[in-house]
Amino acid sequence: MSYDLVVIGTGPGGYVCAIRAAQLGLKVAVVEKRATFGGTCLNVGCIPSKALLHASHRFEEAGHSFAKMGIKVGAPELDHAALLGFKDQAVEGNTKGVAFLMKKNKIDTYHGTASIPAAGKVDIALADGAAQTLETKAIVIATGSDIARLPGIDIDETRIVSSTGAIALEKVPGKLIVVGAGVIGLELGSVWRRLGAEVTVVEYLDRILPGMDLDVAKSFQRILQKQGFAFKLGSKVTGVDTSGATLKVSVEPATGGAAETLEADVVLVAIGRVPYTQGLGLEALGVETDKRGRIVTDHYYRTNVPGIFAIGDVITGPMLAHKAEDEGVAIAELLAGQAGHVNYEVIPGVVYTHPEVASVGKTEEELKEAGVAYKVGKFPFLANGRAKANDETDGFVKVLADAATDRVLGVHIIGSEAGELIHEAAVLMEFGGSSEDLARTCHAHPTRSEAVKEAAMAVENRSIHM
């Protein structure tokens, strides 16, 4: 079979790339090692975790918030099997949706493991045991990422779990230790804490959410502690004893020192992710990778081997599904002779806890390091009418604007539905907007989005409700 494009991997980057290329008239095939499309995100990552976050939040609301609103219900009971079924239903709906889109766009699909013997050729060890070779003008590697592992600690996905095992626990653990205070650890820790687990987070650094605005991270940590999280920052896990009925976790100061032992029923290792390129044959092809195993590409997603391209988690940049999607569209358009482009300065990030944390653009720390003069506007949800009416007043909106031009350089939000609110900032920044542009845009009342407007007004010290 001969194609214009073969995409290896059908996560958000791969399947979006294939669909956009097919829309533009290219003959496209995809190769997927799973039985279902969607990659880590749809099968064991973004989608199932959000289903569990939603369900567990509703469970906690029923147990702790309804009475304040005059709604009398009995103590909620957890049907664990039904909870996991709800999560699986979300996965099935989304993966079947991608399969439908493949058929709709007349994309040929192959289920199996791909390797690249040479530019222009893709060998597939098909799931049924057969083999097939595809010829193609272009190959896009969109194989995503895998969990990062701790040396000497074996993940069995039962007691010591990655994010994959953490979305499928057979029961709520009495004690859960989360290794890593990044997005994945805090989200999945939130799920099981709401359902009754005692959660302790061990983080090597002296802060949570590495890479996010420090002001936001500190405030968010205080909120999580109020919810029942315990944190051991500046600490590292050096071993897990699995011989007993409970796990014995050895924790030491990151800088060295005496170890302490913590007990846990489950340990979640959430220290990040690494590019997944095993079995592709990149070394034999001479495809250049960096020290972290990422495929090196230029601004057009080209590797050093002509005809081979890469996008998503296997290349540099944030390991985010929407970043991969935009790169998938860009490379498809480039291959079709158009001007595909991704603005890496305006890629939002969200932590889907409650409250949510969302960010786009630069942090204060990044602006200081770059020597950029900036102004800050900040507005708390405690002063927002809708947030007060809904009794969801944790958090704030923070706007960072260039001191000379007033161009918005970054926006950071902690609050209910922050992941939705952040996008008016993203659109504003995409068009080079100023804090005054945002401040003078009429916002409906009462809405949480008014807090975004007020934060923009606060850049010039003219917030009305604070």
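This text walks through a predicted model, from its overall build to single residues. Local features need pLDDT of at least 70 and side-chain atom pairs count only at pLDDT 80 or more, whereas totals for chains, interfaces and linings use all residues. Residues are numbered from 1 along each chain as its sequence is written, and side-chain values use heavy atoms, with hydrogens and water left out.

Start with the whole chain. The protein holds 14 helices and 21 strands. Both are DSSP runs, numbered from the N terminus: helices are H or I with at least four residues, strands are E with at least two. The C-alpha atoms fill a box of roughly 65 × 60 × 50 Å along the principal axes.

Next, burial and surface. Of the 466 residues, 50% are buried. Buried means under 20% relative accessible area, exposed means over 50%, and partly exposed lies in between, with a 1.4 Å probe and protein chains only. The protein exposes about 21,300 Å², and carbon and sulfur atoms supply 52% of this area. Accessible areas come from the Shrake-Rupley method with a 1.4 Å probe; for residues, only the protein chains shown count as cover.

Contacts reach along the sequence. Take those between residues at least 6 apart: 62% of them join residues at least 24 apart. A contact means heavy atoms within 4.5 Å.

The protein has 46 positive and 57 negative charges, and their mean positions are 2 Å apart. Lys and Arg count as positive, Asp and Glu as negative; His and the chain ends are not counted. Each charge is placed at NZ of Lys, CZ of Arg, CG of Asp or CD of Glu.

Now look at helix 1. This helix runs over residues 12–23, and its end C-alpha atoms are 16 Å apart, in agreement with the 16 Å that 12 residues should span at 1.5 Å a residue. The expected span is 1.5 Å times one less than the number of residues. Helix 1 is mostly covered, with 10 of its 12 residues buried. Among them are Tyr 15, Val 16, Cys 17 and Ile 19. What covers the buried residues of helix 1? The cover includes strand 1 (2–8), strand 2 (28–32), helix 2 (39–44), helix 4 (80–104), strand 5 (131–141) and helix 9 (321–335). Gly 25 follows helix 1, with a positive phi near 95 degrees.

The buried residues include Glu 187, Trp 192, Arg 193 and Arg 194. After helix 6 comes Gly 196, whose phi is positive, near 125 degrees.

Helix 3 (residues 46–64) contains His 54. His 54 counts as partly exposed, because its relative accessibility is 40%. Its C-alpha atom is separated by 16 Å from that of Val 44, 10 residues apart along the chain.

Turn to the loops. Asp 406 lies between strand 20 (396–402) and strand 21 (408–415). Its phi is positive, near 70 degrees, although Asp 406 is a residue other than glycine. With a relative accessible area of 11%, Asp 406 is buried. One of the residues that touch Asp 406 is Ser 434. Ser 434 sits in the loop between helix 12 (418–430) and helix 13 (435–439). At 12% relative accessibility, Ser 434 also counts as buried. Leaving aside residues up to four places away in sequence, Ser 434 touches Asp 406, Arg 407, Val 408 and Leu 428.

Glu 157 is not a glycine either, yet has a positive phi of about 60 degrees. Its loop joins strand 6 (145–147) and strand 7 (160–161). Glu 157 is partly exposed, at 31% relative accessible area.

Finish with cis peptide bonds. The bond from His 354 to Pro 355 is cis, with omega near 0 degrees. Pro 355 lies in the loop between strand 17 (349–351) and strand 18 (356–361). Another cis bond joins His 445 and Pro 446, with omega about 0 degrees. Pro 446 belongs to the loop between helix 13 and helix 14 (450–458).
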